[in-house]
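Have a look at the structure first, then read on.

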Amino acid sequence: MAKAPVLTPRADDFPRWYQDLVSKAELADNGPVRGTMVIRPYGYGLWERMQAEMDARIKATGTQNAYFPLLIPQSYLTREADHVEGFAPELAVVTHGGGKQLEEPAVVRPTSEMIINASFSKWVQSYRDLPLLINQWANVVRWELRPRLFLRTTEFLWQEGHTAHATEEDARAFASHIHRQVYEDFMTEVLAMDVVPGRKTVKERFAGAINTLTLEGMMGDGKALQMATSHELGQNFSKAFNTSYLSKDGTQELVWQTSWGSTTRMIGALVMMHGDDNGLRVPPRLAQTQVVVLAIKGDEPVLAKVRELGDRLRAAGLRVHVDDRTDTPFGRRAVDWELKGVPVRVEIGPRDLENGTAMVARRIPGGKEAVAVDDLVRLLPAVLEEDQALLLAQSRERRESRTVEVSTFDEAVEAAVAGGWARIPWAALGEEGEARLAEHAVTVRCLVAEDGSVPGTDDAPGNVAVVARAY
């Protein structure tokens with residue numbers, strides 16, 4: 001009788017495969033309140049690596065980290081009409097505290113434009129105070145009707161950047177810099193994810209923004225996932241909070257602003273873009289454990305060699321875990337590390353010890369081969385870089401092979417419903433066509449220029465709409 005697979009095959013049921021993998025790779029569990037999640041240590045370790053890589057890129061722009069309150073006076077949200085309308089269905093509101101009804105209800109932050117502007121209006125007095133570049137790592141709450149771990153949860157973790165500038169040009173340039181040099185660079189170079197940078201349509205842009213820049217990734221089933229966004233806020237929020245400065249000319253001017261964010265949704269993207277029927281495949285530059293060294297049996301010479309090799313690989317700059325839990329069957333441990341997507345397993349048993357070799361299993365391309373133990377310190381860094389590049393190439397090949405050029409509304413819908421993306425001239429689709437896409441559970445993910453760059457305006461000649469079903 002055939003052995004049942006550890007995970008539901010992706011081809012049989014992609015959503016079930018996703019849920020199986022998140023659970024069995026010990027990434028997260030459902031929390032006790034519907035829509036919340038418990039991020040388990042292995043999943044949180046991935047987030048910590050993402051944080052470290054992102055934080056370094058954010059700080060390189062001159063942005064500083066700060067922290068702002070979780071609770072926001074409800075009256076703050078009413079100051080910017082589009083903003084409150086956009087978030088109203090998702091708000092969690094606190095009406096009682098300390099056993100008493102609050103004089104003014106407080107909203108659990110769905111985003112922090114309002115509370116941060118209240119501080120910006122105090123901190124900005126002169127042009128010398130600009131640009132003001134602030135980021136916070138925090139949690140937010142948006143009441144979710146159809147939750148799915150990492151992808152859509154009532155509470156999630158993120159970073160949100162907020163900046164104030166003297167001119168519209170400065171704000172636009174900074175939003176673009178975050179979009180390409182921070183977010184796209186991180187996703188391409190660390191997550192090994194091929195993403196499409198583009199401009200959101202008016203319908204899809206962030207509530208209260210005058211422009212939203214996005215990065216869209218194609219998942220393993222052909223659906224799109226919005227990975228991160230960077231917004232030009234214009235002066236909408238500075239008008240609401242009178243965030244102004246004294247210019248060099250001695251006139252009082254309102255600031256121009258940006259906000260931008262990325263979330264734990266990226267862990268869900270990691271699963272769906274790189275995972276296979278055997279589990280996760282974690283890009284080596286991201287992996288908290290790049291190499292796991294396993295003792296096949298509990299012989300003392302084997303254990304000593306495994307621990308010595310672990311020390312040598314760490315000294316070479318690799319992130320290494322030594323698995324010497326020989327009271328747990330080797331096969332079970334090997335499957336567990338495969339599920340977790342550790343890029344390289346180095347397996348050593350008594351016979352390997354005699355031969356001076358180790359079995360090296362590469363998770364990303366697959367396959368095993370015997371390698372001289374003395375060669376591992378030299379070979380493994382190059383192997384990890386090869387596997388990093390392979391993941392990115394596979395991600396790009398999937399998107400390119402499943403994206404079609406179309407000229408009509410019907411062709412665009414057909415491509416999206418079939419599990420791919422379509423590129424259609426925006427002039428042939430337009431806002432009317434975009435509204436009709438909703439009848440087929442399809443959306444315009446972003447607008448791009450003919451050459452693939454990010455267009456400067458919503459209606460620039462030659463704009464192309466990227467159309468897909470999405471998470």
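Which ring does the charged end of Lys223 sit over? That would be the ring of Tyr471, with the charged end 5.0 Å from its centre. Keep in mind that this is a predicted model, where local features need pLDDT of at least 70, side-chain atom pairs count only at pLDDT 80 or more, and totals for chains, interfaces and linings use all residues. Residues are numbered from 1 along each chain as its sequence is written, and side-chain values use heavy atoms, leaving out hydrogens and water.

**Charges over rings**
- Lys340 also has its charged end over a ring, that of Tyr42, 5.6 Å from the centre.
- "Over" has cut-offs here: NZ of Lys or CZ of Arg is within 6 Å of the ring centre and within 35 degrees of the ring normal.

**Ring pairs**
- There are seven aromatic pairs in the structure (rings of Phe, Tyr and Trp, using its six-membered ring, with centres within 6.5 Å; planes under 30 degrees apart are stacked, over 60 edge-to-face, the rest tilted).
- One of them is the tilted pair of Phe14 and Trp17, at 5.0 Å centre to centre and 40 degrees between the planes.
- Phe14 and Trp17 sit three residues apart in helix α1 (residues 14–24), so about one helical turn separates them (a helix is a DSSP run of H or I, at least four residues, numbered from the N terminus).
- Phe14 and Trp17 are both buried (under 20% relative accessible area, 1.4 Å probe, protein chains only).
- Tyr76 and Phe241 pair edge-to-face, 5.5 Å centre to centre with 80 degrees between the planes.
- This pair links distant parts of the chain, 165 residues apart: Tyr76 is in helix α3 (residues 74–77) and Phe241 in helix α7 (residues 236–241).
- Tyr76 and Phe241 are buried too.

**A cluster**
- Phe68, Phe120 and Trp123 are linked into a cluster by ring pairs.

Definitions and conventions. Helix = DSSP H or I, 4+ residues; strand = E, 2+ residues; numbered from the N terminus. Buried < 20%, exposed > 50% of the residue type's maximum accessible area, 1.4 Å probe, protein only.
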